[in-house]
Amino acid sequence: MYAILDIETTGGKYNEEGITEIAIYKFDGHKVVDQFISLVNPEREIQPFVVNLTGINSNMLRTAPKFYEVAKRIVEMTEDCIIVAHNSQFDYRILKTEFTRLGFPFKRKTLCTVELSKKLIPGQDSYSLGKLARSLGIPVSDRHRANGDAMATVKLFKMLLSRDLEKLIVKDAIQVEAKKEMAANLKNIIKELPHITGVYYIYNAEGTIIYIGKSNNIKNRISQHFTSSSTKSKKLQRDAAAVTYEHTGSELVALLKESEEIKRNKPIFNRALRRNIFTHALYSFKDANGYINLMIDKADGRKKPITTFTNRQSAKSFLFNAVEEFQLCQKLTGLYPTKNSCFNYDIKQCLGACIQEESPEDYNKRVLQLITKNSYNNQNMVIIDRAREVDERSAILIENGLFKGIGYFNLNYQITNMDVLQSVITPMENNRDAQHIIKSYLRKNKKLKIIKLNN
């Protein structure tokens, strides 16, 4: 007997999710002999993206039964059954988590229709339930709702049973405790990791670094690597033997260290990371009338940008905000191509640089304010950010507009000039990636402390 089920959850942190809907079909190998479908009040917040995906919101669940009120029915429906689900590891983990909260040991054998499909129906472009059902002609109603997905899984499972002529694959595919979700050594690795900001390093059995990453919560990030079913994560799970980390406290320091150390170590699973960290940049030039123009263009290593962006849209968004903040001309920033006045001039929000009513001197002062705020060309300064301890801060040193390195200092330590800084700074390479990371971080974190230094 099989209990074919699907669960919708609140989303959120690993093992903190709650069930919002469950559908179970008891299947005897030929037909459905019983069913249970119910919304569930998870007694916790539903993540916005889940609301958009499933259409289930908190108002719908206010009067729904809580898990403890449906637990007995779930036990009855699944007793002496093999749980079947599309990605059974996820659904079974969620069920076990809910029963653990009630102090009830819930243990069932499981069968995953994703793994079965890969063995019995090879060569599919995708093994997601929706795409697989579409390619096999299985009708799906109420996609991303428990009832619709569970019924689609019933139909898929019937098809799989019919294709397993010798029944050998089905027997072999049954997983007890879903292989305990991850190897014991991976669980032990996670157990030792802290919830901190920093850089982590994953090693194989030979002691070679195979992946470097950065996270604001290293423990959670490694947990994601070791439980995800993505191709990269499965390779990491297969090869990982140890994880070390460096606590930075500062996300900016972590980003810079990650970028630098990937370049130095060239881990096998980082090959695609940050290959195109930024694609567009903001440049300036002076036109024939003496006005400083701003222009978004593809990033060019031969030119000095004011700042850089990961895509054109983020560059345009930045420039629209800058036009408003510094009262710049839409025409001279390339946002409103015209031979006459810009739109903002017509609604009296531009002072007329577009038609030379405002002098180049007055207009350029405001453009230079924007450039100074978002560029550190030729500047000597240190960016101060949080660090590893309460009485410590991190320092990112810029000398003559070039990134020099990172370091830490105690709050009792006076950071006032280059000589003092040289003693705490670890030298790092000034490259385009580092420049982009710093500029992007400064744009997003406007309250960072910046100390201007004398030569």
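Predicted model: local features only at pLDDT ≥ 70, side-chain atom pairs only at ≥ 80, totals over all residues.
View 1. Residues are numbered from 1 along each chain as its sequence is written, and side-chain values use heavy atoms, leaving out hydrogens and water. Strand β7 covers residues 198-203 and is joined to β9 by six bridges, the two running antiparallel. Strands here are DSSP runs of E with at least two residues, and helices are runs of H or I with at least four, both numbered from the N terminus. Two strands pair if DSSP finds at least two bridges between them.

**View 2. Here is the open sheet of three strands, in the order β8-β7-β9.** Its pairing is antiparallel. Because β8 (209-215) and β9 (242-247) each have a single partner strand, they stand at the edges, and one side of each has no neighbour in the sheet. From one strand to the next, the twist averages 20°. Helix α10 (residues 218-227) packs on the sheet and touches β7, β8 and β9, its direction making about 35° with that of β7. Contact means heavy atoms within 4.5 Å. Across β7, β8 and β9 also lies helix α12 (residues 251-265), which runs at about 165° to β8. Such angles run from 0 to 180 degrees between N-to-C directions, with axes fitted as lines to C-alpha atoms, for helices over the stretch in contact. UniProt, in an unreviewed entry, places the feature "domain: GIY-YIG" at residues 195-271; its positions are given in the numbering used here, its feature names are shortened, and annotations may be inferred rather than shown by experiment. That stretch of chain is 44% helix and 25% strand, with its end C-alpha atoms 26 Å apart.

**View 3. Pro-42 sits in the loop between β3 (32-39) and α1 (48-54).** Pro-42 is buried, at a relative accessible area of 8%. Buried means under 20% relative accessible area, exposed over 50%, and partly exposed in between (1.4 Å probe, protein chains only). Leaving aside residues up to four places away in sequence, Pro-42 touches Thr-10, Gly-18, Ile-19, Thr-20 and Leu-61. The C-alpha atoms of Pro-42 and Thr-20 are 5.7 Å apart, although 22 residues separate them along the chain.

**View 4. Tyr-2 belongs to the largest nonpolar core, which has 27 residues.** A nonpolar core is a set of buried Ala, Val, Leu, Ile, Met, Phe, Trp, Tyr and Cys residues joined through side-chain atoms within 4.5 Å. Tyr-2, Ile-4, Phe-27, Leu-111, Leu-156 and Phe-157 touch the most other members. Helix α7 gives the most to this core, with eight residues.

**View 5. The rings of Tyr-2 and Phe-157 form an edge-to-face pair, with centres 4.7 Å apart and planes at 70°.** Rings of Phe, Tyr and Trp (its six-membered ring) pair if their centres lie within 6.5 Å; planes under 30 degrees apart count as stacked, over 60 as edge-to-face and the rest as tilted. Tyr-2 lies in strand β1 and Phe-157 in helix α7, so the pair ties together parts 155 residues apart in sequence. Both are buried: Tyr-2 at 16% relative accessibility, Phe-157 at 0%.
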